[in-house]
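Here is a friendly walk through a few local features of a protein model. Please keep the viewer open as you read.

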Amino acid sequence: MASRETTVFGTINQTIVVLKIIKHYQEEGQGSEVVQGVLLGLVVDDRLEITNCFPFPQHTEDDADFDEVQYQMEMMRSLRHVNIDHLHVGWYQSTYYGSFVSRALLDSQFSYQHAIEESVVLIYDPIKTAQGSLSLKAYRLTPKLMEICKEKDFTPEGLKKANIGFEQMFEEVPIVIKNSHLINVLMWELEDKSTVADKHELLNLSSSNHLEKSLQLLMDRVDDMSQDIVKYNTYSRNLSKQQQQKHQYLQRRQQENAQRQSRGEPPLPEEDISKLFKPPQPPPRMDTLLIAGQINNYCQNVKEFTSQNLGKLFMAEALQGHN
Amino acid sequence: MSRFFARSDSESEESSSDDEITDKAPGATFKQSLLLSDDEEDTKRVVRSAKDKRFEELTNLIKTIRNAMKIRDMSKCLEEFEQLCRAFLKSKNIVDKEGIPPFYIRLLADLEDYLNQLWEDKEGKKKMNKNNAKALSTLRQKIRKYNRDFESEIAAYKENPQESADEEEEEKEPEDSGSSSDSEGEVSSKSFLKKKPEAPSEATDRSQTAKESEDKSSSSDEDDDDDDDDGDWSPSDSDSRSETSDKEEENALKRKRLVTFLKVKRSQDTEKPGVRKEERKKKPKQKEQIEEEAEEEGGWEKVNRGVPLVKEKPKMFAKGTEINTAVVVKKLNEILQARGKKGTDRAAQIELFHALAAIAAENNLGQGILVKIKFNIIASLYDYNPNLAAFMKPDMWKKCLDCIDELLDILFEHNNIFIGENIAEDSENLAVSDQPFRVRGCILTLVERMDEEFTKIMQNTDPHSQEYVDNLKDEGRVCGIVDRLLTYMENKGSTEEICRVYLRRIMHTYYKFDYKAHRRSLGLQGETKSEQDQEENKEENKEENKEENKEESEGEDSAVIMDRLCKFIYAKDRTDRIRTCAILCHIYHHALHSRWYQARDLMLMSHLQDNIQHADPPVQILYNRTMVQLGICAFRQGMIKDAHNALLDIQSSGRAKELLGQGLLMRNMQERNAEQEKIEKRRQVPFHMHINLELLECVYLVSAMLLEIPYMAAHEFDARRRMISKQFHHQLRVGERQPLLGPPESMREHVVAASKAMKMGDWRTCHSFIINEKMNSKVWDLFPEIQRVREMLVRKIQEESLRTYLFTYSSVYDSISMATLSEMFELEMPTVHSIISKMIINEELMASLDQPTQTVMMHRTEPTSLQNMALKLAEKLGNLVENNERVSDLKQGIYGGYFNRDQKGGYQQKQSYQRGMLNFTEVVSCFMSMR
């Protein structure tokens, strides 16, 4: 049990889950809109088996009194009736050019993981999938981050003490997708039916559109990062200035006391220094961490994309030369 | 009368039945009293409040003095006495009117007696403490000195048998009314009544008396029969009064009493406004009566304002008086005395002057006196409006013009009249004699004032009414007068005066377009072509240019006139302002007539831009007008850049209207109070001198478009692109925000639509948006040389469209033939060639010209949008790294030991950042290599 608390070595997805997620996005998500849903499954040994899922209904303004929890419970009960695993093991979310590292994700994953230790978040990237390769990733918060979130200590000091960088925020859990034989049969059949043109998507040479979008997003994040750093910079400068003042004040005080002592007068009464020098409000650093994580994510994406595309380009060049 | 007496005589009675008074039907008593003497009350009322106040102050002080006397507190006495003296001084004018209040005299007398008595009393003096003794001696000296001024009064008082027994006197002392002695009973009653308004019912009276009695009982040396006294003091009072004095005083007294009484009643009766109003009406009549009475009584006179003049009017001079210069001058001065006074009837005064002028003329007194009178007539015409903001009425204005005309006639006819403002009044020579006339007065000032009045009239007339046109017709006369004055001054005036009159002339010339000269120059160029236009122009402008035609009939171009006048001013003027104005007007005139280079050179030479902000607002407005005109001129000449620069300042503020003095912007009162608004209103330029704001804006926007669109196309991906014209961008954005784009309606929409077309390099559409029926009627027709301007504009549009096209689409072409371009933009080959060459030289276009095939070969060096983006990202990352370094510097710099102590964390953080950086750089290099 103890081992499972901390690590889930792998997740096994049933194809049905993948298909359902894709279907959900196709039906409801467009563009940068995000779809979310609940994952169901069970823990077997050190693996988490996700066997089914259902989507969260799309929120609209007019049904504000819609009770999400109620809906989930209802849903799970119904699924149980038809003999499907009804244990809540996490949630899934779609993403837009890999921009999923956000405060919202952190908070909800934290609450999930807090309540159900083995829960994971599945991130589905429809754009990459549309380019020909399924992109599905499972993430969990690292124990360190869990601790920090529990303490809600996002000050620079706190983060420093926890010794956490953006790399240590999330851990990716390997995914294995397992099909039932029936589904395998279906897949074969589908592949037979699909035309050649459908598969050529993988060989699409145009790259600038995707790159431009990614770059745009990346730039936005970098701007945010810059701002945060400037903020932090001001904070540290203020802090150090105040430290200096405090130091000076203490010294003066000491001197005066020494003088007084030499004159035989009682020393000055102790004053609350912290009241005199209120330390400046430290900026929360969690957002910066998240931004850094996000930037890293973008970079990974772009790198992946470019390396693939470079390969394709060389291939195309070779082909052209051959012709 | 009886009522009155009954009341005031039997105070005691009333005090017992106080309710009666208040309850008595006030109207009835009131009417009665009205019948009695409704005349005085109002006048008295005027005096009353002030008098009451002062007298109350005095009586209060007296009261305290008497109290102090009683307890022998000399220092207090002295203090109070000094205050009393001051208070008395303050009430000086009331005292002058009313006579010295008897209670005051009484106090003085008593005080002196008392002091003397104390002085004599050596023993008492010894007993006194130091302060008191000192005060006593000071006070004694003071009162001696002081009383010298009132000797006669005090004597009279002392002489008068004082039946007021000591006790009675003392009993009255605490209460100020008591201080009034018998002989002046009026005061006693008055002061008593004075209290009445505060407390109309006798109850208060009662309480007062009660208080008095308390007072007295507290003052030790008082006998105890005050109650009795209290009971009968009013009768005794009335007794004393009845005993007193002669009849006149009695009368006056009655009046006063009555008045005060009525006043009391009044305050009770305020709910009867009807009655009051009635009285008000009677007021004037009453006033006169009062005045008469006042004369009878006091013998001091009130000046009956305004009236004498009117009365005098029919008989200006007594019959049989020999009318000569001296008499007329005297009369003139007499009339002048009334000038500026409050009650003077200004219209009547003008009439008087006229009459005087007529008399002078009739009696052949010579031109000198006539000129003087004329001066005065004009001056009083100007004076007619007390308010600076108000403008002259049309008839006044006509009269004024006539007068000035006549005056100028006289001056021209008679060469021997010298006028000048520095001729002293007494050195004037008005009589007919061998010597030339010398008259004080300045015709130039009068004409300047007239000009200002004209401006004011134009400012205050609705510019879209027939009235305005009618008023504008007077401009001819004004110009005529200025012209005549100019001729006169050229002969007689000093240099400064000539400068001033020249400036006036310039001010009337500079904003008018000289159609005749324009036509002449056109005629020289091509007679046949302009023939038709001429006819049209003539018809159109006949009305407006009447006065100009008149000027032109002299055969001089306005340009020549301007040149001559301005050059004279440049050379001779010593005041900066006139020269500045002249330069600005000159530039304006040049600009108006499309002499761009002259105008520009003059502007640059004058260095006005540097210090115009120190000038006064009207000059600044003139400067703004000139700048705008200069900009429009540059536009007409095809100097788009110059036009844009000239107009930029005016247009970018968004307050063009205000800056040109052509109207006030709606602003809230915080920024501008009523006073400021008035001042600003006075600065407005009359409508006929306005510069069309729409034209101005259109010129600005079109020139901005011609500059901005190619610039935008050239720097599409430049991160540091700067806007040339903010306003133009604003218009573009407004256009983009429109949810539905219909065909353009307003001038701005046209320009925006044209800009969009130009952005695509579509010059035909752009042209059709800029020059069409609507825009012609709105803007372009306002130019004098429409055809030329349009041609220029089309050409500019073609050129700039070509540039934009090349900027935007060069990446699509490998090469493009110049012939195609020339065909596309309907430009000649050499022009296309020169434009492209210029672009290549300026490194705006990465291309080369291939001479044999007449094509432009493009060299792809422009980065693609992705590359641009990557560059931008690299720049941002640079910033980020810089910021990051700053953070780590701070940490290491200040805490020397920090890095070592917490090395792991700090290092790690840094490393992670660096790793991130490595990632970025990799990405960027990837992009670069991909191309």
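Two strands pair if DSSP finds at least two bridges between them, and helices (H or I, at least four residues) and strands (E, at least two) are DSSP runs numbered from the N terminus. This is a predicted model, where local features need pLDDT of at least 70, side-chain atom pairs count only at pLDDT 80 or more, and totals for chains, interfaces and linings use all residues. Residues are numbered from 1 along each chain as its sequence is written, chains are lettered from A and ligands numbered from 1 in the order in which they are written, and side-chain values use heavy atoms, leaving out hydrogens and water.

**A hairpin in chain A**

Strand β2 (residues 36-44) of chain A pairs with β3(A) in the antiparallel sense, over 8 bridges. V44(A) sits opposite R47(A) of β3(A). The hairpin has 2 residues between its strands, and D45(A) there takes a positive phi near 50°. Buried means under 20% relative accessible area, exposed over 50%, and partly exposed in between (1.4 Å probe, protein chains only). Strand β3 (residues 47-55) of chain A is largely enclosed by the rest of the structure, because 7 of its 9 residues are buried.

**Helices in chain B**

The axes of α38(B) and α39(B) come within 10 Å and cross at roughly 90°. Contact means heavy atoms within 4.5 Å.

| Helix | Residues in the contact |
|---|---|
| α38(B) | F728(B), Q731(B), L732(B), G735(B), E736(B) |
| α39(B) | R748(B), V751(B), V752(B), S755(B), K756(B), K759(B) |

Elsewhere, R636(B) belongs to helix α33 (residues 617-636) of chain B. R636(B) counts as buried because its relative accessibility is 3%. Beyond neighbours within four places in sequence, its contacts include F783(B), E785(B) and M792(B).

Key: Axes are lines fitted to C-alpha atoms, for helices over the stretch in contact, and angles run from 0 to 180 degrees between N-to-C directions.
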